[in-house]
Amino acid sequence: MGMGGPSLSYDGLVMGVGSHHTDDTGIDGGSVLVWERENSSVSFSSIVPSRLLDPNGDSSDMMGAGGACLAGNGLVLAAASHGDNENGVSSGSLLVWERQNTTIPFSSITPVKLLDPNGGVGSMLGGNNNEDGVGGCAVSSDGLTLAAASAFDAMHGVNSGAVLLWERESTSASFLSSTPARLSDPNGAVSDQLGLGGPALSGNGRVLSVGAPNDGEMGSNSGSVLVWESICEAGYAPPLCLP
């Protein structure tokens with residue numbers, strides 16, 4: 001438990017953490033533990049956590065290996081299952097629990113499963129093959145923008161990497177109805193592994209940054225960081241701005 005680190009809502013009342021070696025859905029199917037408290041005078045140590053699962057999970061999905069990501073407002077919780085085989089062996093998926101308000105426990109929510117429409121064998125959406133806690137996802141504070149990387153995607157060559165970004169207009173809309181934008185390094189190359197360490201998303205969802213640890217622009221494996229700065233003003237274009 002906790003390999004990818006915990007995630008907290010901005011009021012400190014909700015905490016989520018991945019436990020990717022749990023066996024509820026099969027050996028190493030994985031799960032996410034959620035603690036929710038009514039106010040800051042209640043200690044998390046007195047709360048019995050809810051265990052969230054993929055209803056269609058299977059052995060070796062490794063859900064939560066990259067940690068859980070929680071919206072600042074506490075309305076969205078997501079975790080990647082990089083070993084999910086729905087789009088091919090280890091293509092990966094993202095499980096997302098969406099709720100309208102914090103009075104609804106995450107344990108009563110059926111998660112939606114997001115896939116990379118162009119993903120395939122070994123893409124490992126939201127994870128990595130070393131199982132060392134990197135990867136995962138990022139969500140904006142308002143829960144309207146969600147990102148996850150496929151560091152082993154072959155968009156610009158084997159293991160060049162790509163990032164998937166989902167946007168929705170309001171909390172009443174599901175990410176499942178959103179077609180993800182697929183982002184990559186225009187000058188990406190074989191083995192850059194863009195997104196291996198997971199994406200970072202600003203609280204307002206308008207700035208996205210992702211590392212490419214094996215980019216060789218300044219020397220072998222010197223690395224780089226890609227930043228998308230679509231700030232929804234004149235001169236800036238989607239994908240980071242809603243139409």
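**Entry 1: Gly92**

I began with Gly92, which I located in the loop between β6 (76-81) and β7 (93-98). Strands here, like helices, are DSSP runs numbered from the N terminus, with at least two residues (E) for a strand and at least four (H or I) for a helix. The model is a predicted one, in which local features need pLDDT of at least 70 and side-chain atom pairs count only at pLDDT 80 or more, while totals for chains, interfaces and linings use all residues. Residues are numbered from 1 along each chain as its sequence is written, and side-chain values use heavy atoms, with hydrogens and water left out.

I looked up the accessibility of Gly92 and found a relative accessible area of 2%, so this residue is buried. The term buried means under 20% relative accessible area, exposed means over 50%, and partly exposed lies in between (1.4 Å probe, protein chains only). I then listed the contacts of Gly92, leaving aside neighbours within four places in sequence: Ser81, His82, Asp84, Leu115, Met124 and Leu125. A contact means heavy atoms within 4.5 Å. For Leu125, I noted that its C-alpha atom is separated from that of Gly92 by 4.4 Å, although the two residues are 33 apart along the chain.

**Entry 2: Positive phi**

I recorded Asp28 as a non-glycine residue with a positive phi of about 60°. Asp28 belongs to the loop between β2 (14-19) and β3 (31-36), and its relative accessibility of 19% makes it buried.

I recorded Asn159 likewise: it is not a glycine, yet its phi is positive, at about 60°. Its loop runs between β10 (145-150) and β11 (162-167). With a relative accessible area of 22%, Asn159 is partly exposed.

**Entry 3: Charges over rings**

The charged end of Arg37 is placed over the ring of Phe44, 4.3 Å from the centre. Arg99 lies over the face of Phe106, with 3.8 Å to the ring centre.

**Entry 4: An open sheet**

I traced an open sheet of 3 strands, ordered β13-β14-β15 with antiparallel pairing. β13 (199-201) and β15 (224-228) are the edge strands, each with a single partner, so one side of each has no neighbour in the sheet. Two strands pair if DSSP finds at least two bridges between them. Between β14 (residues 208-212) and β15 I noted 5 bridges. Within this pair, Val210 has Leu226 of β15 as its bridge partner.

Note on methods. A charge sits over a ring if NZ of Lys or CZ of Arg is within 6 Å of the ring centre and within 35 degrees of the ring normal.
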